[in-house]
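Have a look at the chain and its 3D shape first, then read on.

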Amino acid sequence: MMRDFTGDLADRIAIRERIEAYNDAVFRKHADDWAECWAEDAQWKVGDNAASGRAAIRDLWVRLMAGFDAAAMYVNHGALLIDGDHADSRSYMLELLKGADGSERMISGRYDDTLRRDADGVWRFTSRSYTVLQVR
């Protein structure tokens with residue numbers, strides 16, 4: 001299992017900011033800002049859903065978010081290992097969700113991620129896999 005935080009401090013901050021920008025876009029339900037967090041060739045797995053490629057990932061997210069009036073995500077960083085232009089990350093999320101039907105849920109989960117520094121120098125997700133740990 002991955003432990004610790006390694007790599008250049010500037011890269012570590014940039015990757016943490018990428019994860020936080022992802023969460024910020026969820027709060028704002030801003031599909032374009034959220035999609036910008038992904039590499040063009042990325043893969044996303046959330047529950048029984050999966051998508052490949054930024055456009056398909058964005059489409060899946062829009063479909064999933066349609067079921068919520070509001071979504072909030074709070075992050076705790078678990079580990080981050082950087083090797084050149086590649087990184088592996090683990091983070092924990094607390095999600096507060098208000099369904100379109102008025103229902104409310106709290107979910108804790110874990111993201112296992114890979115990221116790449118793209119040609120434009122920006123770190124983006126190449127894969128994210130979300131595991132639900134608890135639902136209330």
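Leaving aside its neighbours within four places in sequence, which residues is Val26 in contact with? Val26 is in contact with Trp34, Trp61, Met65, Ala71 and Met73, where contact means heavy atoms within 4.5 Å.

A quick note before we go on. This is a predicted model, so local features need pLDDT of at least 70 and side-chain atom pairs count only at pLDDT 80 or more, while totals for chains, interfaces and linings use all residues. Residues are numbered from 1 along each chain as its sequence is written, and side-chain values use heavy atoms, with hydrogens and water left out.

**The core**

Val26 belongs to the largest nonpolar core, which has 32 residues. Such a core is a set of buried Ala, Val, Leu, Ile, Met, Phe, Trp, Tyr and Cys residues joined through side-chain atoms within 4.5 Å. Buried means under 20% relative accessible area, exposed means over 50%, and partly exposed is in between (1.4 Å probe, protein chains only). The members that touch the most others are Ile15, Tyr22, Val26, Trp34, Trp38 and Trp44. Among the elements that each supply at least two residues are helix 1 (9-28), helix 3 (54-65) and strand 5 (104-117). Helices (H or I, at least four residues) and strands (E, at least two) are DSSP runs, numbered from the N terminus. In soluble globular proteins, nonpolar side chains tend to be buried together.

**The sheet**

Now for the strands, which pair if DSSP finds at least two bridges between them. Six strands make an open sheet in the order 2-1-6-5-4-3, with mixed pairing. Strand 2 and strand 3 stand at the edges with a single partner strand each, so one side of each has no neighbour in the sheet.

Strand 1 pairs with strand 6 in the parallel sense over five bridges, and there Trp44 has Arg128 as its bridge partner. With strand 2 (residues 49-52), strand 1 pairs in the antiparallel sense over four bridges. Strand 1 and strand 2 form a hairpin with two residues between them, and Gly47 in the turn has a positive phi of about 60°.

What about the helices? Helix 1 lies across strand 1, strand 3, strand 4, strand 5 and strand 6, running at about 170° to strand 3. Axes here are lines fitted to C-alpha atoms, for helices over the stretch in contact, and angles run from 0 to 180 degrees between N-to-C directions.

**Charged pairs**

Side chains of opposite charge can pair when their charged atoms come close. A salt bridge is a side-chain nitrogen of Lys or Arg within 4 Å of a carboxyl oxygen of Asp or Glu, and by this rule the count comes to 14. Here are some of them:

| Pair | N to O distance |
|---|---|
| Asp11 and Arg117 | 2.6 Å |
| Glu36 and Arg124 | 2.4 Å |
| Arg116 and Asp41 | 2.9 Å |

Arg116 lies in strand 5 and Asp41 in strand 1, so this pair ties together parts that are 75 residues apart in sequence. Asp41 is partly exposed at 48% relative accessibility, and so is Arg116 at 28%. Glu36, Asp41, Arg116 and Arg124 are among the residues linked in a network of salt bridges.
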